[in-house]
Amino acid sequence: MTQGRPLLNRRLAEFGTTIFAEMSALAARTGSINLGQGFPDTDGPESVREAAVRALRDGRGNQYPPGPGVPELRTAVAAHQQRFHGLTFDPDTEVLVTAGATEAIAATMLALLEPGDEVIAFEPYYDSYAAAIAMAGGARVPLLLRAPDFRPDLTALRDAVTDRTRLLLLNSPHNPTGMVLTREELAAIAELAVERDLIVVTDEVYEHLVFDGEHIPLVSLPGMRERTVSISSAGKSFSFTGWKVGWVTAAAPLVTAVRSAKQYLTFVSAGPFQYAVAEALRLPDSYFTGFRDDLRAKRDLLAGGLAEAGFEVYSPQGTYFVTTDVAALGEKDALAFCRALPGRCGVVAVPNSVFYDDPEAGRSQVRFAFCKRESVLRDAVERLGQL
Ligand SMILES: Cc1ncc(COP(=O)(O)O)c(C=O)c1O
């Protein structure tokens, strides 16, 4: 407190330390297997790592790169959108490189929201959404995804739109539930967005991790090219979460707006890594299918083990997380369960309640990450089997 008021401003007062910090510290303290935070325990392709080393040594990106990102990466992002989704973006005006998807989300909210504007987002949500909306002075309007399949209620979505709604903030494949939007759902969302003249922000960081079904970018649907801000990142697709290289693709006026906010957040970031990510995006198709197939097998391994240990398992269609319900184990409170789990069997997970506005909604849900080595997952499954 100073001058009789709290230090943290009231927009951020509700956001304490993230659960990931608490649980990762707990994992370190207890020597547990950390299936809490979503980071791989193996680095991405060696050729990509070498590309970063080369860029550093050759002095590429060691000084401020251009504000929108290095041309090599913007070109590679546009080529990747064309190769995988048949989408055409102008690398000069329709691509913006950011400090991970997290900065892209924050910059988009800061750029597009006026105080009081409403943002509809799926609940549970990735935790930075609520904070980014709050920092921009917006009001979040949750759209609850219900177990067991976590499909969005499209009638409820339509009813949630008001005259104050400015944005829909979507995430597919969806963290933490693993839900992947279908073409029919995307078509209904697109129709609503066009009808109500809304901008849609899509977080597609797990675009290459779809095990059942396919990833369809919303921007590819009729009427969406001019009103969609698509966000992705190298962290999840290439297993370099520490590099924090992300990007926005959108129509030029939207990219210009987001860039206006981004330039005063970080201006630029991760110079040499941008060159390496440009190479990563050009990896052959076999890399992407191999990565997906590997994680599909890991999903099956962990989901099977959890089910055998007595958890109710909601098998994810995509991402590298599996949501479970511990009510089946006679547990009511996921937070208490997760705090006790390292002591009980040496495994760390996170309670989904932190991803909900209404903690009751996800009270007994627990999320496990399976982006770990097979031996680690086997060990975790054995430990969980002792419960
Ligand atoms: C849905 C979602 N969006 C964004 C991010 C963050 O991406 P980045 O590390 O590129 O900022 C994550 C990371 O867990 C995520 O799950």
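Modeller: Happy to! Two strands count as paired if DSSP finds at least two bridges between them. Please keep in mind that this is a predicted model.

With that in hand, let's start at the open sheet, where 4 strands run in the order β9-β10-β13-β12 with antiparallel pairing. The edges are taken by β9 (312-314) and β12 (350-351); each has a single partner strand, so one side of each is left without a neighbour in the sheet. The partner of β9 is strand β10 (residues 321-325), and the two pair in the antiparallel sense over 3 bridges.

To complete the picture, let's turn to the ligand. The space it takes is the largest pocket. There are 13 residues around the ligand, of which T102, D203, Y206, S233 and K244 come nearest. By type, this shell divides into 5 nonpolar, 5 polar and 3 charged residues. Its largest share, 3 residues, comes from helix α4 (residues 100-112).

One lies 2.6 Å from a polar side-chain atom of T102. For K244, an N or O atom of the side chain is 2.6 Å from a ligand oxygen, and for the side chain of N175 the corresponding distance is 2.8 Å. Taken alone, the ligand exposes 400 Å², and the protein buries 93% of that.

Conventions. Residues numbered from 1 in each chain as written. Predicted model: local features only at pLDDT ≥ 70, side-chain atom pairs only at ≥ 80, totals over all residues. Heavy atoms only, no water. Near = heavy atom within 4 Å. Polar contact = N/O pair within 3.5 Å; in protein donor to acceptor, adjacent residues only side chain to side chain. Areas by Shrake-Rupley, 256 points an atom, 1.4 Å probe, with all protein chains shown as cover. 1 Å grid on protein atoms, 1.4 Å probe; cavity = no way out; pocket = protein on both sides within 12 Å on 5 of 7 lines; lining within 4 Å. Sits in = over half its atoms within 2 Å of the grid points. Nonpolar A, V, L, I, M, F, W, Y, C, P; charged D, E, K, R; others polar.
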